[in-house]
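Trainee: I would like to learn how to read a structure like this one, feature by feature.
Mentor: Then let us look at it together.

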There are 2 protein chains.
Amino acid sequence: MSEKRYLLTPGPTPVPPEVLAAISQPIIHHRGPDFKPIYERSLTRLREVFRTDQDVLVFGAAGTGAMESAVANLCSPGERVLVVSAGHFGERWRSIASAYGAEVEALEYEWGEIPSAEDVAARLQELGGAKAVFITHSETSTGVVCDLQSLAAAVSEQGALSVVDAVSSLGAVPLEMDEWGLDVVISGSQKALMAPPGLATAAVSPAAWEQVERSTLPSFYFDWQRTRKAQEQLDSAFTPAVSLIVALDVALGLLLEDGLENAFERHVRLGRACRAGIKAMGLELYSPDDDSAAVLTGALTPEGIDAVALRLALRDRHGITIAGGHGELVSRLFRIGHIGHVGIEELAGALVAIEEELAVAGADVEPGRAAPAAYEAFGTVATA
Amino acid sequence: MSEKRYLLTPGPTPVPPEVLAAISQPIIHHRGPDFKPIYERSLTRLREVFRTDQDVLVFGAAGTGAMESAVANLCSPGERVLVVSAGHFGERWRSIASAYGAEVEALEYEWGEIPSAEDVAARLQELGGAKAVFITHSETSTGVVCDLQSLAAAVSEQGALSVVDAVSSLGAVPLEMDEWGLDVVISGSQKALMAPPGLATAAVSPAAWEQVERSTLPSFYFDWQRTRKAQEQLDSAFTPAVSLIVALDVALGLLLEDGLENAFERHVRLGRACRAGIKAMGLELYSPDDDSAAVLTGALTPEGIDAVALRLALRDRHGITIAGGHGELVSRLFRIGHIGHVGIEELAGALVAIEEELAVAGADVEPGRAAPAAYEAFGTVATA
């Protein structure tokens, strides 16, 4: 019998059974009457999730493809942009913008630090402005979720366009594209949207569309104008990943039926539960110890206990997949994703397994504490 | 009850039930031990299908994304390339190369004409050479499959790199990447490989890799070097579409288990059957009337009978999807795909439906002739 699997990484995330049932339907043609209503509904649902009246462009790609589309459609060689970077995905913005020949300035934080609106405003003033500011909403490498609303306001006040990587945040924590005046919001199917990986999305404000007219960089597959023109006619510029769109449509339906507010609340409570479990084991948190860290929880193993070995033990002995750390933190950091279709039960189960494996590895932890603490922090257990 | 559907377009194509079962499995992590053996096997199987010892790079994208990757990784602004164009997808090569600022020369044929090695050699001599020649193996808009081996030999003799769009040909008709000296071969998951759309592939020769070092165009998501480096470690540069790769692996397994030669023979016989059925109705073929046209069959409706109305009737009254024509041929041309997981039974059924609908529309056809002719040409009916 196949061993049971538990996926608690910050992406890809587990998807609901309804989504798996949808993706296994026979292939339908993307220009036929079976697909068009599904396509139209998924585009409408995306607008609801992005909280925008603008079109949400859909690409068959990883989230990075849509990030690249923002650079290629907005920038021109030698044009100044600012990248706010406090982790791996902030650095990715810089790599992409550099690859395309933009003049890239950075507001660089230590990994794990939380970017502030004041710093962004000061840096933009120091630079004498920039065309666009690239921001990471939820920095998946550290667990930090920035105060996007205030950062975007600072960017806007300085006359720049805000371009936001919301790949791991959209659907997990509040994001109000139109109300917060965000110019470009990028996301992907495989995180809180609860669909398989392979679709990337970009929502574009009217001000950003004006800038698109002026960009001189090449782009074809990721060309926003071509994509918008096709989507306006419920068509797609190139053969879309129909199975993934059918799956995304079902996943978005589930998300919206339950309600975005409920999803946000669930993520906050799962974050509380995870942090409570980690602290009950006596471990040090790497991600912030507050409700902003609703997407994933980073923690450090006790000194002398190897995080890579811990992850292997979880994987091989429990069928549990969690994520590790980058760079110098690889031997200490582990990251637990609680994104999308995750229940407190499996999160608590994973915490128990971590506790057990740490004890086996010789850490000074007393098994039995993490799960009750997690349940209590989650808040579902009725207080008698 | 949902109406039965028959997909006879030149892509996406129907996929085997084993592939649908595979794609509906729970999401697994792309860096975990459940995925790695599947990934490794699918990469090995791709090499077998491409008939190459080189790595086959896999992108989450439509085939056009991989076509763009060839331009972005091989070319530099102002560098001369030649596009051989005899239909819609030849024109796409030109559009992409132009978007990236290459100096694009064209060897342009009327749609439906068959490119020749002599023309390619003469044009390259006239130009004094080119860095690369972009070729369409199976021109899906017309049904023409060129003699790729001779074209590539002519390109090679003139010192240029051959870059081949094999999106609708790979797995349907013979293609020998290494033996024929092809430099770059592009394909996609959704045609004869019998998998859902969303994955694109690029196989690259050593000579083409040398050229990659010299290219100065920007690319990030489609960067070949980054992709190769990741794949060499059984990793991927960005979150891959795991569900699609799991599905592709199963589809490639089915294809190779049956044998490529059997697949090629089946496509030839399906092409014969389709042409025989079309001719039995008294219709004019648009695609070539020989065994080279093994991928799809194009035909013209009788004068005065609208091809768009025919396709709508097939779709609405029979659940059958076929493809139409581009441009000025839209009112006369229809295209029947017989690619991948297609049986003679459903092809014959579609021919019967076409016959019936043409008669209803007032065409001078006598229902009952197409299917027997198709079966006979296919050659499975035992001759007593």
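**A loop residue and its backbone**

Mentor: Met194(A) sits in the loop between strand E9 (184–188) and strand E10 (199–204) of chain A, where helices (H or I, at least four residues) and strands (E, at least two) are DSSP runs, numbered from the N terminus. This is a predicted model, in which local features need pLDDT of at least 70 and side-chain atom pairs count only at pLDDT 80 or more, while totals for chains, interfaces and linings use all residues. Residues are numbered from 1 along each chain as its sequence is written, chains are lettered from A and ligands numbered from 1 in the order in which they are written, and side-chain values use heavy atoms, with hydrogens and water left out.

Trainee: What is the phi of Met194(A), positive or negative?

Mentor: Most residues other than glycine have a negative phi, and most peptide bonds are trans. Met194(A), although not a glycine, has a positive phi of about 65°.

Trainee: Which residues does a cis peptide bond join in chain A?

Mentor: In chain A the cis bond lies between Gly11(A) and Pro12(A), with omega about -5°, and Pro12(A) belongs to the loop between strand E1 (6–7) and H1 of chain A. In chain B, a cis peptide bond likewise joins Gly11(B) and Pro12(B), with omega about -5°.

Trainee: How should I read the order of strands in a sheet?

Mentor: Strands of a sheet pair through backbone hydrogen bonds, either parallel or antiparallel. In chain A, four strands form an open sheet in the order E11-E12-E15-E14, with antiparallel pairing; two strands pair if DSSP finds at least two bridges between them. Strand E11 (284–285) and strand E14 (323–324) of chain A are at the edges, each with a single partner strand, so one side of each has no neighbour in the sheet. Between strand E12 (residues 296–300) and strand E15 (residues 333–337) of chain A there are five bridges, and Gly298(A) has Arg335(A) as its bridge partner in E15(A).

Trainee: How much area do chain A and chain B bury between them?

Mentor: The size of an interface is often given as the accessible area lost when the parts come together. Chain A and chain B bury about 3,700 Å², 72% of it on carbon and sulfur atoms, the area being what two parts lose with a 1.4 Å probe, summed over both. In contact (heavy atoms within 4.5 Å) are 48 residues of chain A and 48 residues of chain B.
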